[in-house]
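Please keep the sequence and the 3D view open while reading.

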Amino acid sequence: MWIWLLGYLVLMAKITAVLTAVMVLAAYLVLVERKLLGRFQVRYGPNRAGIYGILQPVADGIKLLLKEDLVPEGADRAIFLAAPAVVATTALMMFAVVPFGPRLTIGGREIPMVITDINVGLLYVFALSSLGVYGVALGGWASNSKYALLGGIRGAAQMISYELALGLSIVPVVMLAGSFSLVDIVNAQAGLPFILVQPLAFGVFLISAMAETKRIPFDLPEAETELGAGYHTEYSGMRFGLFFLGEYVHMQVMGALVAVFFLGGWRGPVLPPPVWLLVKIVFVVLFMIWVRATLPRLRYDQLMNLGWKVLIPLALVNILITGAFVAA
Amino acid sequence: MIRAVIDIIVSIAAGFYTTGRHLFVRPVTESYPEYKRPLPARSRARIILTRDPEGRERCVACYLCSGVCPVNCISMQAAEDSQGRRYAAWFRINFGRCIYCGLCEQACPTSAIQLTPDFEHIRRDILDMVFEKQDLLVDLCGKDPDYDFYQHAGVVVGLAGKGDHISENPPVNTRTNMP
Amino acid sequence: MPKLIIDNREIEVPEGTKVIKAAEKLGIYIPRFCFHHALGAVGACRVCAVKFQEGPVDGVQMSCMIDAQDGMKVSTADPEAADFRRSVIEWLMLNHPHDCPVCDEGGHCLLQDLTVAGGHGIRRSKGRKRTYTDQYLGPLVYHEMNRCIQCYRCVRFYREYSGYSDLGVTGIAGRVYFGRLREGILESPFAGNLIDICPTGVYTDRPSRYTGRRWDFERTPGVCIHCSLGCRTTVSARYRQVVRVEGRFSQQVNRDFICDRGRYGFYYADRPGRPRNGRINGQTVSAQQAVEEARDRLQRITQEHGPEAVGIIGSARSSLQTLSALVHLCHTTGWQGPVFRNTWIAGAAADAAVRALSPENAFSMREIETADAILAVGADPVNEAPMLALAMRQAQRTGAEIIAIDPRPLDWPFDFAHLACRAEEMEETLASAAERLSASRRPVVICGTEITDDGIVMQAADLVAGLRGSDKRAGLFCTMPQANSFGAALLDESNACAADLADRIETGQIRALAVFESDLWHVFPDRSRLSTALEKLDLLVSVDFLDTPLFENADIGIPSLTVFEAGGIYVNQEGRAQQVRPAHTGGLPIAAAGLGDHPPRSFSPDVPGRDMPAAWAAAFSLSGQAPPETDAQMTAWMRDNFAVLADLAHMEADGVRLFAGRKVSIPDEAQIPEKKPDQFLELLPAPTIFGGEPMSGHSQCLRELAGLPAVWMARADADRLGIADDDRVSLGFENIEVTLNVRISDPMAQGVLVVYRHPDIDWQPAPDGKRIFISEDQIRRIEKA
Amino acid sequence: MSVYSIFFYLIAAVMILSTALAVTRKNMVHAVLFLVISFLASALLFFLLGAPLLGILEVVIYAGAIMVLFLFVVMMIRIRAPEGSGFLLWHYMGAGGLSAVYVAACLLLIRHAGPGTGAAMAAAVAAPADFGQYLFERHWLGIEIVSLLLLVALIGVLHLGLSRAGRRSGKGGAH
């Protein structure tokens, strides 16, 4: 019985640690992004709250918490209230299967450095990722606002399209690793990271990942210049904060997945494994910010063309080639 | 085809290079409250009503500024003083609405209404943003210091009689046909 | 029917049409300054130049001077013509002062528009500008000659169109001057039209000087209610205040122009003393409280003394809405009235006129302009219905013969034959003058209803019927005392006049009186009798928008909305019902709502002073009924409840003609006027253009034009009595003595003293239905001090 | 009753309830949402029964793809909730009758679980690799036929879409 309890406690500890790290990181990612965007545009970025603006996330958080939580009069209240939670939860839950390091041995017991290692971990990630669409689409629909509805519909269409490319691009990795488990995939990269073996899959995955996170240049569901703020036009206060949090957690998830699938996960010399993973996540995320600072938003038809006519065929070709190599 | 792909990649890379390079450039931002940059005279901020070189109100309440104002933030009432001079009985600018576009300054035929570089111009109470004539009127000539509308207009307002204004002939004697 | 091509579009126009008019029919606006469709063309301004490319005329020519002919090919946009026009505008601007910002014409100035359109922005000439000295032209028109571009429109209107001669043109070459020979008040009562007709700011509106720009005004189509003609106006309001009234074109009624009473009479609406709060026994209360108090007290009196103890008085200056609401009020409550007729014979005469007019014989002013013979009986258009004089002037210009049968000294701006006669001689004179119409083809008989009785009206109607019987296109045109006299006569069932009510007040039958938009002090003949009668009343309620003496003395005063705030329907003297829309929302003018002349600095969603009811709504409320909520519902209610008003459903832009055909009424026996006794003079009170009418009498700028109160007499009478022009005389009556200046006139009936109504005459000598005779020894000449 | 059975019945109850709500909602979006909840619950049941692959596939395919498409369409065409009660009595009676037949069939099947179910059960709870092996070794023909059918359907849709697009561009120029 106590072993069961201990296991439960360990699990709770892991969840708490991961959640805390992810949330704090999300908050500071916002600051990092704003600072970096500032520098990309030859200005300072936030530098008023604390030294170098270090307290900006705190200020933002307090502001979001204190702001009034408005619900539009014509809104579908229940769905409107639930939608941001769906977005944030699905993003957070994806971290459950990301391995942070090899097994750790404490007091003779082996503790896996992952919250749960299920044998369909990769599918789990995709399942949650596809559920995240509901938050966007329903949030947009329930607002009873035309901008929000357009944003929601765009979000749904875009995420369905890019999920295909995302999934197909990862199939060669699964073929090489022979498993859906993220732990096994990391282990399979003991020799050399898959980015060297599968550069095409890496490219398709990275682009699709950015589209999945609805970030520039794929931020059509938000598209401030066209739709106000898209699907979260009508949101305020902490509910808006949840959408915000969801986006930045999603960035981290995608960074972690890129790291796990292509960059060898936690593997690396000298530094402890979780730090290596963190470094890789931050590296990917910084790249996404750089992309945001550089590329303009795609037009909607360009977005769809890119997904269906470029990325999916590329991923399919890649599968064929990899299949041939694996079979050979 | 391949060439096109290469072109695309090169152009995208050029973009990344440009933005990336900016990371190492010193920001051009001026930290505003610590450093206040002197603004050029034509900057468009708080509106004033100026006076002519003799110290009289320039505004003749012709309604052109209120007519041209895209946000309808100017209202006034014209009146006539004992000398026949047209002036604003009241003149009101709602700075809560003003968008500082400067069209009023362009429209003003007497150079009375002018925008100044003073942009630190905010009040806690919205009604304090409604400026009346006494708040707007300054004791300066502003950007066009020598101009006096009534010297050119040719209407008699006590400055000069008929035919005595700038570029005018004396009045025609209607009792004679001699030139 | 010549056919020509203008800007590649073909059009066929009647013979004699100018090219500029032909282009207008195609919707092509050729610039013009001197051409005006009412005044015609003189070719003075040279700005309507167009290029004649083919046909009988060649080259750049003035389109206003050339008749359309077959085979013409005209281009308005030809570079040569456009260049010509641009140069013309630049020449015209050579001497034009740069004073647009302080010019009241700015914003609706034709010269300004065309200068901008022509692209002329910077004056290239280095020369000095020609200047003129200006003239004081009276309290209505402001003169600024520097702005003149010599289009001659003003003198053409003033001298040719309206027939007055005190404004003219002097000088030659570049020194042409438009003005009076000597500075002074313009004599024409149509002088205000100079403001509309001047293409730039030489003549501007003096009372509304500097009040605003055209683009800031809320401009609403209105109808003038200062006489019975119902001319179309455009009402300009700004900051909840009417600031200007202009003429509005109407094909059937007034065409382009209006008279000065209509243009400047509106100032009653925003007088500082205008009642805007209710009053109960001298205490200021809200309008709503006053209405409720009046309702309660009237009900109490009804319960105690029966419905016959309450009398209702209305007047013909109210809208048709108010009149019908009053009729309804008396129907439902059993109260006495409503009495619409003030006094005099006028009530009966107006009633006769309404019965005599039919869709066939009722002529509009448009038809008067085309008449070839006009017989005016007991009508003085200049004083009673000024625009009618302008219409008659147009007929006279085309050769019509005009005969006037009237005891008064007539001062009309055209030639006419004056058959001066007293009331008892009128019938005979009319009969003899009728023969002079026999040669005409389109004769019109104009019949007044203010100094004539119903017998004359019916005789005039018979004459028209006879003329029509002998295959002439004859018409009848009756002038009436007030804007809605026709409407009041349509709805009036009691045929009672205010004097009848006074009798009943004196006998104690009537204990409460509610007076709607009528000032008994203004209309009731005997003031001392009136004040004692009113004091006998238990309750006097006055509903009005004017600060009349009656309103001041009433137990309960209820302020009502003016026509500019409530709108309404008015039926003019030819039976044309015209809808007036409210010009602004009502409430205290912005300037008055703040402190002094400054708008308030606080914000509130409600408009102060907007709780006043329209008079018809107050009428409903007095009987405890809820008034219809909207104007449209009120109009529908009127149509449903009054058979004579059913045609209101067909209201169009030109109004709708209502006639008494549906009204069942027994005509009164026409009475032959009693003969003037010897050694007596008849005292004839007469309407006058400025100051006599209750609403425009409250207009300050018109009061200045009313002149001094005077009594007019024929030269023969004056000689007999030893009185000279400009003497002062005292007229003694039973209980009052009046001092007046004497004016002597040659062409007026002997044995008649004419006293024009005047705001300063604190006395209204008009016994009900009877003529006033004053013995010669009661007229006393006063030595000048 | 173990913890697992408690979870089982809890989830089953949620599933039945949400399915019932999905059928009866008049608001289309709400109906779709309750169906999604029902799918999630059934996926959880698969998890509980030790078949995570099936559970995940249920979420990915049904909740994640098909229902999102449904939702997308519903949102796009903005169906208004019909006025009135919507269904007539005989609608309910027919549905009730069919449900009864279905429940009876299920009960019969559970009572007389045949010998063939064991292997299928084993495959369901197996690791993804074993599951794949099972499918492609024992049912390869069926899978190929199904995938061929899907391919045909795909090409058909493509053809329809392309010919429509071609006609439009032929008529009205570039769109």
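## Terms and basis

Buried area is the accessible area, taken with a 1.4 Å probe, that two parts lose on being put together, summed over both. Contact means heavy atoms within 4.5 Å.

This is a predicted model, in which local features need pLDDT of at least 70, side-chain atom pairs count only at pLDDT 80 or more, and totals for chains, interfaces and linings use all residues. Residues are numbered from 1 along each chain as its sequence is written, chains are lettered from A and ligands numbered from 1 in the order in which they are written, and side-chain values use heavy atoms, with hydrogens and water left out.

## Which chains touch

Three pairs of chains touch, and chains B and C make the most contacts among them. Chains A and C do not touch; their nearest C-alpha atoms lie 24 Å apart. Chains C and D do not touch either, with nearest C-alpha atoms 33 Å apart.

## Chain D against chain A

Chain D and chain A bury about 2000 Å² between them. Carbon and sulfur atoms account for 83% of that area. Chain D brings 24 residues to the contact, and chain A brings 22.

Polar links are counted next. There are zero salt bridges between chain D and chain A. A salt bridge here is a side-chain nitrogen of Lys or Arg within 4 Å of a carboxyl oxygen of Asp or Glu. Two residue pairs are in polar contact, both at pLDDT 80 or more. A polar contact is a pair of N or O atoms within 3.5 Å; within protein, one must be able to donate a hydrogen and the other to accept it, and residues adjacent in sequence count only if both atoms are side-chain atoms. On the chain D side, helix H2 (28-48) and helix H3 (52-77) each supply at least two residues. H3(D) gives the largest share, 15 residues. Helices (H or I, at least four residues) and strands (E, at least two) are DSSP runs, numbered from the N terminus. By class, the chain D side has 20 nonpolar, three polar and one charged residues. Ala, Val, Leu, Ile, Met, Phe, Trp, Tyr, Cys and Pro count as nonpolar, Asp, Glu, Lys and Arg as charged, and the others, Gly among them, as polar.

## Chain B against chain C

Here 43 residues of chain B contact 40 residues of chain C. The two chains bury about 3300 Å² between them, 51% of it on carbon and sulfur atoms. In chain B, the residues that lose the most area to chain C are B:Trp90, B:Lys162 and B:Val172, together 19% of what that side buries.

Five salt bridges run between chain B and chain C. One pairs C:Arg209 with B:Glu80, with the closest N and O atoms 3.1 Å apart. There are also 21 residue pairs in polar contact. Among the elements of chain B that each supply at least two residues to this side are strand S3 (86-94) and helix H5 (149-153). S2(B) gives the largest share, six residues. The chain B side divides into 21 nonpolar, 14 polar and eight charged residues.

S6(B) and strand S6 (residues 129-131) of chain C run parallel, joined by two bridges. Two strands pair if DSSP finds at least two bridges between them. B:Pro171 has C:Thr131 as its bridge partner in S6(C).

## Salt bridges in detail

Over all chains, the structure holds 62 salt bridges. In one of them C:Arg601 meets B:Glu132, with the closest N and O atoms 2.8 Å apart. C:Arg601 lies in the loop between helix H21 (590-593) and helix H22 (615-622) of chain C, and B:Glu132 in the loop between strand S5 (130-131) and helix H4 (133-136) of chain B, so the pair joins two chains. C:Arg601 is partly exposed at 37% relative accessibility, whereas B:Glu132 is buried at 2%. Buried means under 20% relative accessible area, exposed over 50%, and partly exposed in between (1.4 Å probe, protein chains only).

Within chain C, C:Asp654 and C:Arg232 form a salt bridge (3.1 Å, N to O). The pair links distant parts of the chain, 422 residues apart. C:Arg232 is buried at 4%; C:Asp654 is partly exposed at 27%. In chain A, a network of salt bridges links A:Arg154, A:Asp219, A:Glu224, A:Glu226 and A:Arg297.
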